[in-house]
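Have the structure open while you read.

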Amino acid sequence: MLESPASMRFPLGQTISIANYIRRMKGQGKKRFPLVLMLEPLFACDLTCSGCGRIREYKEHASKMLTLEQCLAAVDDCGAQVVSICGGEPLLYPRIKELVEETLGRGRVVYLCTNGQSLEKKLPLLKPHKRFNINVHLDGLAATHDAVVERKGAFDKAVAGIVAAKKAGFSVCTNTTIYRQTDAGEIEALIDFLEGLSIDGMLISPGFDYSDVEDQSVFLTRSAIKEKFSILRRAGRGRKIWSTPLFLDFLAGKRDFECTPWGNVTYNYCGWKAPCYLITDGHHSTFEGFMKDVDWGKYGPGRDPRCKNCMCHCGFEPTVALTTTSNIRDALTMARWTIF
């Protein structure tokens with residue numbers, strides 16, 4: 001079993017490798033560098049979640065996928081220490097085993113983001129590793145989650161995958177998106193349930209109002225996010241929440257952070273997605289051109305109307321990671337939080 005020390009929220013090696021990467025990039029005088037690569041080897045998925053913009057935005061490319069060589073070239077070109085393999089459903093990718101192993105072999109921290117529907121079946125393809133995390137998406141307890149993903153029994157299948165993965169010695173976390181209809185009490189019950197499964201951690205973030213999603217009523221306004229996360233922030237204290245306390249303070253309206261759109265970069269069959277994981281103004285063929293040519297100052301709340309209600313982790317958690325050390329109080333808060 002590859003367990004974290006009981007006192008550490010994250011595996012120590014992962015924390016050190018990410019901290020060293022940030023220190024190295026700043027030491028080289030780089031003003032902009034990604035912390036996370038969102039790598040989408042394919043768009044195909046075995047679910048049709050009601051709040052998902054991916055299956056709608058890229059529906060004409062649903063059958064297309066990156067080669068293994070293209071995926072690894074993106075990992076090398078980008079240089080981000082964390083690689084989140086997503087999609088689509090990455091377990092449908094024919095070369096997922098090689099992709100995970102080759103990325104880990106490059107010294108990266110890897111998250112495999114899955115809906116869990118084929119996790120139990122595909123688990124024999126994967127091996128536990130000190131820098132490898134399986135991230136299972138769950139948007140509530142059984143009835144709510146099944147309604148969101150539009151498939152009865154999806155929750156139970158994902159949970160079976162979690163149980164099997166933990167039994168096999170994997171680090172397993174979950175990712176929960178909060179929508180307008182999400183009941184804060186149910187999320188607290190979900191936290192209780194998942195801690196009962198000995199889950200390693202939970203990530204929680206508000207949904208983004210994708211323009212490609214027809215039913216916009218599921219998404220939260222900025223004021224509604226603050227109201228809902230004020231409750232969730234209290235409910236999550238002392239629990240296995242991997243969303244940082246400073247980010248949760250931001251969601252609850254206790255702090256204000258600028259968006260760092262280049263903190264989480266996305267690469268898929270169409271290229272480097274600009275400007276961010278959530279908004280598409282175009283795709284770039286090279287990482288260098290993407291970082292150089294995007295007018296980063298145009299984006300974020302107060303600059304682009306599409307960003308008005310956005311408080312998502314992909315834009316604001318990087319800000320927390322990059323600015324924490326500049327404030328002693330924030331640094332101490334993060335240190336206390338890391339020692340769980």
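**Who holds hands with whom**

The side chains of aspartate 192 and arginine 239 join in a salt bridge, at 2.2 Å from N to O. Keep in mind that this is a predicted model. In total, the structure holds 13 salt bridges, so let's look at a few of them.

**Around arginine 239**
- Arginine 239 is buried, at 14% relative accessible area, while aspartate 192 is partly exposed, at 43%.
- Arginine 239 also forms a salt bridge with glutamate 195, with the closest N and O atoms 3.1 Å apart.
- That pair links distant parts of the chain too, since glutamate 195 is in helix H8, 44 residues away from arginine 239.
- Glutamate 195 is partly exposed, with 24% relative accessibility.

**Between H9 and H10**
- Arginine 233 and aspartate 249 meet through their side chains in a salt bridge (2.5 Å, N to O).
- Here arginine 233 belongs to helix H9 and aspartate 249 to helix H10, 16 residues apart.
- Both arginine 233 and aspartate 249 are buried.

**H3 meets H4**
- Helix H3 (residues 68-78) packs against helix H4 (residues 96-105) at about 25 degrees, with the axes 10 Å apart.
- H3 and H4 are therefore roughly parallel to each other.
- On the H3 side, the contact is made by Leu68, Cys71, Leu72 and Val75, and on the H4 side by Glu98, Leu99, Glu102 and Thr103.
- Sorted by class, that contact has five nonpolar, one polar and two charged residues.

Methods
Residues are numbered from 1 along each chain as its sequence is written. This is a predicted model: local features need pLDDT of at least 70, side-chain atom pairs count only at pLDDT 80 or more; totals for chains, interfaces and linings use all residues. Side-chain values use heavy atoms; hydrogens and water are left out. Axes are lines fitted to C-alpha atoms, for helices over the stretch in contact, and angles run from 0 to 180 degrees between N-to-C directions. Helices (H or I, at least four residues) and strands (E, at least two) are DSSP runs, numbered from the N terminus. Angles under 35 degrees count as roughly parallel, over 145 as roughly antiparallel, 65 to 115 as roughly perpendicular and the rest as oblique. Contact means heavy atoms within 4.5 Å. Ala, Val, Leu, Ile, Met, Phe, Trp, Tyr, Cys and Pro count as nonpolar, Asp, Glu, Lys and Arg as charged, and the others, Gly among them, as polar. A salt bridge is a side-chain nitrogen of Lys or Arg within 4 Å of a carboxyl oxygen of Asp or Glu. Buried means under 20% relative accessible area, exposed over 50%, partly exposed in between (1.4 Å probe, protein chains only).
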